[in-house]
Each structure stands twice: as C-alpha cells, then as structure tokens.
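Here is a short briefing on a protein structure. Please look over the sequence and the model before reading on.

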2 protein chains.
Amino acid sequence: MDIDTRLLETAERLFDHEGFNATGMGRLVRESGLSSRTVYKHVTGKNALMAKVLTERQRRFFAQLETQNTRALFASLRRWTEREGARGCLFFRVRAETGGQTPEIEAVVGAYHERLYALIMDLVARETGAADEVLADQILALFEGATAAATYRGTTVIEAAAACAEQLLARAAR
Amino acid sequence: MDIDTRLLETAERLFDHEGFNATGMGRLVRESGLSSRTVYKHVTGKNALMAKVLTERQRRFFAQLETQNTRALFASLRRWTEREGARGCLFFRVRAETGGQTPEIEAVVGAYHERLYALIMDLVARETGAADEVLADQILALFEGATAAATYRGTTVIEAAAACAEQLLARAAR
DNA sequence: CGATATGTAAAACGATCGTTTTACACCTGT
DNA sequence: ACAGGTGTAAAACGATCGTTTTACATATCG
C-alpha cells in the first residue's frame, strides 16, 4: 500500500478511537510499520497530519452523505454513526483537544462547518422553495445534536431527530 | 477568599477558556496565587481537580436552568451561553481531551448526561401527560445541537431550536 | 515558650512528547 | 559499478508536564 495512505489510515483510526493528544507520534510510527524518519519526510509534523486526517475525513463523510431530502440526510448520518461508532463529531473533538489555537486545523474545521451549513441551506431551499435561515438552523441543530447525543443515548436519537426534521420541512413546504 | 474556592474558580476559568490539557498545573499555580505545595495539599492531582470543576459546573448549570416549560428551558440555555460564551458543552470537551479513559471524570460526565435526560423526560411528561422517549430524545437533540452549533452559528440557533421544541410539544399536547 | 500546622518560593524528578539525527541497508538508473 | 534517493532501527535532544521535595517564614495554641 502507498505510504501516504497507510500513514493517513493509521492516523485517522488512532486519532478517532484514542484521541489526538492520547496518540503520540511514537505509537503512530509503531502501528503504521514505518520509521519516524519516513513519517517526518512525508508530513511536516503532527499538526499537519491532523489537518490531513480531518480533510480526508471531511471528504469521506460528505461523499457518503445523501442529500436528496431530509429523510435521506439523517438516514445516512445514522448509517455512518453505526458503521464508525458514536464518539461525537471529530471536528468538535479536535477543536477541544487543540484549544482552537492551531490555525491550520481551525481552517479545516471552519470549512467543514461552512460546508455542512451550506448543504442544509440548499436542502431546505430545494424542499420548501425558499432560503429559510431559521429552518436551516433548526435542522442543523438536530443534526449536530443527534451526533452528540448518540454518544450516550445510542443511534435511536438520530431517528428521533430525523422524524422531527421531516415534520419541520413538511409543515414549511405546505 | 477560601483557598478551595479560589483554586476551583481559577481552574474552571482556565479549563473552560483554554482547555484542560492546554492548562498546565504550573499556569494554574501561578494564576491562583497559591504555591504548588498548597495546591497539591488541597487536591490529590489534576484529574481530581478536573472532576471537581465538572461537579461544580454541573451544580451551577442546573441551578440556573428553568424547567417550568420548554420555552423557559431554552431561554435559560441561551442566557447561559451568552453569559459564559459559546464554546460547546464542557462535558463533551473534557471527554474528548481525556479520551474517556479517566474513571473519575467519566463518572461525572455520565451523571450529567443522566440528569439532563431525566430532566427533559420529566418536562415532557409534565407538558404532554405521557412519558414519551422519542419526544425526549428530540428535545435532547435540539438542546445538545443548539449548544454545539452555537459555537459557529451564534446564539440565534438556540432560539431556532427553542421554537422547534415548542412546536413539538404543542403538537404532542394537543 | 515551643511545637505543630500551614503557607510560599523554587528546585528537582521522572516520564513523555514531538522532532531530529546518526548509522546502515537496499534499490534504481546512467 | 557507483552515486543518490529512500527506507529501517534506534539513539538523542530539548521542551513540557504532573508531581514531589527542600528550605524557610508565619501564625496558632497548649
């Protein structure tokens, strides 16, 4: 396998399951089967690696997100959460772990949030015929809240949030 | 001022604004105006201090939370967020920073989540006359989601979530 | 008065971290 | 055949962290 992807896959798995700070570069070197010299020749440092992991995670998440309608959106969130495990949004978690003080990481997190909100805004406009900011905020809250609450309530909370979002849109489209 | 409260207030401010890992014990000693010897005679260590901060935060949060109805619940969440700043739920953040590997901290976080869910369940039962788990999950998602999304969308998302929760309950009470 | 407790100031300890460096092996292309 | 790139293995570096310890001052109280 390609070195960059081997490194990236190991990093995403460890960062996600154990935490960014809890995963030292030593552990990463050991589990990726590479040497530290090679690792540091492929990425400038840990911060850059974290940013790369987040960028790849964003690509993979949006690639599987179905956006025809609200039902499909929350259904794919539920599938993602069941496949990956309910550990909360990785973008919030990295911000917590870095204290929001790492510019290259803040940039990726900001981009993710903008893209998520834009996607929901677009979905709302398509389903109701109008760009309703309040409605978009409500669905965004349900989306983020389902992700967060699923960590201790399980994935059923995602279905509950989905039903709520559908009611909202049905009422607005009427 | 009492030493324990001086220590606790400094710790909560720093942990909340800068992060748990980012705030070293050295910084805490300096800003509290105490000596490290005194600090370690009042708390067993950093983990115990973090747990204490979370317990106090939980007490303070629930003490100001109004629970007569959904409107009051979200109104007090908004006031809290505007007063304290929108940096996301501290209980999720500490879990991210510790990787969920510190038993004394997991205990406090778990207790907080149980208490929050029980509070919402009770509110739902009082407003609709029935213990509806799905409805409670929906309001919980709105609550957690508003807290999370407020970090990048501002406190207006809390008002949007509040309106949504009110609609849900009005429809269920009918 | 003298002992005990409790505080400060600051050095020191051991562990861990991210990163760099050294030493060496193995391909690859002209 | 040999120089240059790329890899491994492992030691080393400097910084920082949580925590403990030493040395000393002060106040309380039998």
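This is a predicted model: local features need pLDDT of at least 70, side-chain atom pairs count only at pLDDT 80 or more; totals for chains, interfaces and linings use all residues.

Residues are numbered from 1 along each chain as its sequence is written, chains are lettered from A and ligands numbered from 1 in the order written, and side-chain values use heavy atoms, without hydrogens or water.

**Fold of chain A**
- Chain A has nine helices and zero strands. Helices (H or I, at least four residues) and strands (E, at least two) are DSSP runs, numbered from the N terminus.
- Its C-alpha atoms fill a box of roughly 60 × 30 × 30 Å along the principal axes.
- Of contacts (heavy atoms within 4.5 Å) between residues at least 6 apart in the sequence of chain A, 62% join residues at least 24 apart.

**Burial and surface**
- Of the 174 residues of chain A, 50% are buried. Buried means under 20% relative accessible area, exposed over 50%, and partly exposed in between (1.4 Å probe, protein chains only).
- Chain A exposes about 7,700 Å², with carbon and sulfur atoms supplying 50%. Areas follow the Shrake-Rupley method with a 1.4 Å probe; for residues, only the protein chains shown count as cover.

**Positive patch**
- A:R171, A:R174, B:R171 and B:R174 form a positive surface patch. Patch residues have over 30% relative accessible area and no salt bridge, and like charges are joined within 9 Å. A salt bridge puts a side-chain nitrogen of Lys or Arg within 4 Å of a carboxyl oxygen of Asp or Glu.
- B:R171 sits in helix α9 (residues 156-173) of chain B.
- B:R171 is partly exposed, at 36% relative accessible area.

Notes. Patches are made of residues with over 30% relative accessible area and no salt bridge: like charges are joined within 9 Å, nonpolar side chains (Val, Leu, Ile, Met, Phe, Trp, Tyr) within 5 Å. Lys and Arg count as positive and Asp and Glu as negative; His and the chain ends are not counted. The place of a charge is taken as NZ of Lys, CZ of Arg, CG of Asp or CD of Glu.
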